[in-house]
Amino acid sequence: MQTLKIVVTGPFASGKTEFIQSVSEIDVVSTERKISSRAERIKDATTVAMDFGRITIDEELILYLFGTPGQRRFDFMWEILSEGMLGFVVMVDSTRPETFREAQRILDTFRAYSPVPYIVAANKQDIPDAWPADDLRIVLKIEPDVKVVPCVARDRESVKQVLLELLYSILEVMDQTEE
Amino acid sequence: MALKGNLKDFGITQLLNLINLARKTGTLYLEGAQSKAYLCFREGALVYAAADGQELALLPLLQKAGKLTAEQARVIATNMGSKPDRDVALMLIQSGHVQQQELVQLVRQHITDTAYSVFSWNAGTFRFEPNELPIQGKLVSSIALENVIMEGSRRLKEWERLQEEIPSLDVALKFAEKPNTPLRDVNLTVEEWRVISFVNPRNAIRQIAQYNNMSEFQIRKIVYGLLQAGLVEIIRPPRQMAEATVGEPRSVRPEEKERPEAMMGARRPDVKRSLIHKLIDRIREL
């Protein structure tokens with residue numbers, strides 16, 4: 001049995017959980033809890049949120065989708081989750097420009113963790129105020145060879161398209177490496 | 001005169017009870033099958049403990065607790081030269097780098113954790129040297145033995161049960177096909193998530209523990225919890241799994257053996273094009 005991992009990251013409330021939920025064959029496991037480590041016990045209680053979903057490819061291959069906690073204070077988990085990932089998706093709430101800077105920071109952080117292919121999902125494109133994917137590319141300073149794909153995380157077809165585009169990017173990178 | 005004996009005949013709990021009741025001062029030297037430890041007592045209270053040559057050292061302790069960065073620890077070590085930990089601790093408290101209460105708590109935790117670790121030793125020898133206290137310049141604390149004995153005994157029982165459930169750490173884990181628990185109701189701790197994120201047939205439990213800096217007790221406890229919740233299942237050892245795996249398992253180069261992350265097959269997974277095509281076909285079908 002082999003397992004592969006794709007990480008779904010992005011700012012808080014950008015739609016990561018919905019994205020995973022749309023295609024996962026299991027209920028998305030997520031957690032909200034009071035922090036209880038020794039160092040944190042003396043501080044105020046807080047919440048962790050993280051998700052994972054699964055897609056069985058065949059009897060010998062499973063794809064896991066890991067959603068990262070969006071809150072900055074849990075960024076220590078990001079590197080752990082990024083270990084061994086095939087690629088990652090950066091979710092951006094296209095209707096909340098106030099989160100764009102944070103999205104860019106997360107993108108830069110993940111890029112530094114691992115040189116794997118990634119894709120930007122411009123989420124909530126079904127909402128009238130959503131910024132177009134092309135504008136997001138400019139705002140987030142995304143390089144031309146990285147795809148920025150319009151997305152509606154609630155819509156399975158849309159999520160499938162994002163995942164497929166990421167996988168195509170992975171194939172392209174493999175081609176370049178082989179050349 | 002030193003008290004000497006065999007741990008098979010006279011166990012750790014009995015020894016500590018004796019030291020506590022007789023309010024002894026001295027050092028208990030233990031030699032197990034593969035490890036050595038010594039515990040120091042003053043008038044029946046535990047004041048210091050070290051195992052496997054790992055003395056309680058201030059700067060690594062503060063670094064591990066996140067009170068100092070590696071760079072800060074390096075600078076302090078350079079500036080303080082060979083000054084004893086007690087003097088360095090005083091300087092750090094006075095300069096506000098660390099609170100006295102926090103430091104005391106960390107030292108107590110380290111000493112008790114070391115003491116708890118020897119509770120599971122049921123073979124080896126012991127020697128108690130009365131009035132011998134090799135603790136000059138070291139960080140010490142006075143810890144009532146009653147609580148240590150009670151907690152140690154409780155952990156020992158838990159340890160025995162965990163060992164029965166998970167006899168080997170050289171097996172790997174996989175996510176359960178049909179979890180027992182409704183997944184929506186599952187609440188996981190940060191530590192459990194750390195383990196979950198490495199659940200993969202290629203990663204032995206021991207490797208997951210190494211990567212997350214967890215003791216055998218900690219990893220066993222977490223894995224036991226995940227097994228009980230039906231979230232994961234134990235599978236064959238990674239080496240055997242690798243032989244049966246679809247893709248080529250990533251081999252560990254000699255120079256990488258010191259780095260646990262290398263053993264996790266981390267960073268850039270070796271994946272064949274055919275696997276990506278399989279993913280594409282499956283996602284199209286969804």
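A cavity, as I use the word this morning, is a set of grid points where a 1.4 Å probe fits but cannot get out. With that in mind, I would like to walk you through one part of this structure, which is a predicted model, and which holds two cavities of 30 Å³ or more.

I will stay with the second largest cavity, whose volume comes to about 30 Å³. Which residues line the second largest cavity? From chain A we have Met1(A), Thr3(A), Ile62(A) and Tyr64(A), while chain B brings Lys174(B), Phe175(B), Glu177(B) and Pro201(B). Looking at the elements behind the lining, strand S4 (61-67) of chain A and strand S6 (172-175) of chain B each supply at least two of its residues.

Let me now turn to Thr3(A), which sits in strand S1 of chain A, a strand running over residues 2-9. Is Thr3(A) buried or exposed? Thr3(A) counts as buried, because its relative accessible area is 14% and the cut-off for buried is under 20%. Setting aside the neighbours within four places in sequence, Thr3(A) is in contact with Ile62(A) and Tyr64(A), and also with Asn200(B) and Pro201(B) across in chain B.

Finally, a word on confidence: chain A averages a pLDDT of 83, with 83% of the residues scoring at least 70. Over residues 37-47 of chain A, however, pLDDT stays under 50, and for that stretch the model has 16 contacts beyond four places in sequence.

Technical notes:
Residues are numbered from 1 along each chain as its sequence is written. Chains are lettered from A and ligands numbered from 1 in the order in which they are written. This is a predicted model: local features need pLDDT of at least 70, side-chain atom pairs count only at pLDDT 80 or more; totals for chains, interfaces and linings use all residues. Side-chain values use heavy atoms; hydrogens and water are left out. On a 1 Å grid over the protein atoms alone, a cavity is a set of points where a 1.4 Å probe fits but cannot get out, and a pocket is an open set with protein on both sides within 12 Å along at least five of seven lines; lining residues have an atom within 4 Å of a point. Grid points are joined across faces, edges and corners, and a volume is the space filled by probe spheres set on the points. Helices (H or I, at least four residues) and strands (E, at least two) are DSSP runs, numbered from the N terminus. Buried means under 20% relative accessible area, exposed over 50%, partly exposed in between (1.4 Å probe, protein chains only). Contact means heavy atoms within 4.5 Å. pLDDT is the predictor's confidence in each residue, from 0 to 100.
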